Every structure is written in structure tokens, then in C-alpha cells.
Amino acid sequence: MAFASPMPSREFLWNVFQSVDKDRSGYISADELQVALSNGTWTPFNPETVRLMIGMFDKQNRGTVSFEDFGALWKYVTDWQNCFRSFDRDNSGNIDREELKTALTTFGYRLSEPIIDMLMRKYDRSGRGVIYFDDFIQCCIVLYTLTSAFRQHDTDQDGVITIHYEQFLGMVFSLKI
């Protein structure tokens, strides 16, 4: 991501980690992370987005993140905040359809208008024609994950694959989304 932020000090990260680790287990659970994150709407961070992020940084498959992995998670969320703000052109705290289209085009996706509309419907939890920070992250993670899985089968890079139904199911159900 071209919106990378510098890594904060270990002491800063430790203080943040301790404030998020409410049960003092030495690990951050999805529930603890959800409470600590803000999507800018005074509503809880999308639990599905939190689950995806925990899964990305949970090296031990425990459903939690250790302090050793927390720095990478912190940087990931901070980079997404910077990215989100750069595409939220009107500083509304959300991404509208045109801002989403601009973001995805910048990321290299060439999607049709109906697909952009479908993504808006899927990730607009408020029903207001906008996507909030947490849902933007989820949209981008899912799109990236699905695209990567597709590209593994698109050996000639022509945007077309031929697979059997069970291959398709295996491909989709094996993804961490």
C-alpha cells in the first residue's frame, strides 16, 4: 500500500497493546480489538472486519493476536486509515460511490459499473449510499483475496478461467474471508 506510515516505538505499541488487552491475557481477542477500533460513526467496528484482521495477523491460529504480531496489525490499520482519508475527498468520514470507484481504480481494479454498484450495496451497512472505514477495509480485503485466488487459476492472465464446480467450491471455501 502506498499510504504506509512509520512504525511507532515499541514502548508506544506496548502501551496501546496493554490498554486494548482488557483481560490481561497477553493476547488481543476480536472482541477486545473491536472495542478499541473506531470507524468514525460512534458505532461498533464491523465484527466481520475485525475477524478478518485478527485472522491475517494471528500467527498461532488461536483467534487472538500476540504483542509480537500487534505491531504489524497496528501498522496495517494505520495505513488503511491514511488510505481511507486520501480517498474521502470531501472529508465526510465515509466513502461514496465515486470515491470507492476512484480508490479501486487506483488499486488497479478495472471493474464495471454494475460491479461497483454491487460492492456499494454489499458494504453499505447503513443504507445511506456510503461505506464507512471498517466496511471499506473489509471490501478491499475480500476483493484482494478473491482476486488472488482467481489469478492462481488464470495462468495466461486473460481474465478468464475454466474450473469445475468442486474446484470453485474448494477455491472459495479455502479462503480466509
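Colleague: Which helices each supply at least two residues of the lining of the largest pocket?

Modeller: Heads up, this is a predicted model: local features need pLDDT of at least 70 and side-chain atom pairs count only at pLDDT 80 or more, while totals for chains, interfaces and linings use all residues. Residues are numbered from 1 along each chain as its sequence is written, and side-chain values use heavy atoms, with hydrogens and water left out. A helix is a DSSP run (H or I, at least four residues), numbered from the N terminus. The ones you want are helix 6 (113-123) and helix 7 (133-153).

Colleague: And how much space lies in the largest pocket?

Modeller: A pocket is an open set of points on a 1 Å grid over the protein atoms alone, where a 1.4 Å probe fits, with protein on both sides within 12 Å along at least five of seven lines; lining residues have an atom within 4 Å of a point. Volume is the space filled by probe spheres set on the points, which are joined across faces, edges and corners. For the largest pocket, that comes to about 440 Å³.

Colleague: Which helix gives the most to that lining?

Modeller: The lining has 16 residues, and L111, I115, L143, L146 and T147 lie nearest the pocket's centre. With 7 residues, the top contributor is helix 7.

Colleague: How many of the lining residues are nonpolar?

Modeller: Ala, Val, Leu, Ile, Met, Phe, Trp, Tyr, Cys and Pro count as nonpolar, Asp, Glu, Lys and Arg as charged, and the others, Gly among them, as polar. The lining has 2 polar and 3 charged residues, and its nonpolar ones number 11.

Colleague: How are helix 3 and helix 7 set to each other?

Modeller: Axes are lines fitted to C-alpha atoms over the stretch in contact, with angles from 0 to 180 degrees between N-to-C directions. Those of helix 3 (residues 47-57) and helix 7 come within 9 Å and cross at roughly 50°. Under 35 degrees is roughly parallel, over 145 roughly antiparallel, 65 to 115 roughly perpendicular and the rest oblique. So helix 3 and helix 7 are oblique.
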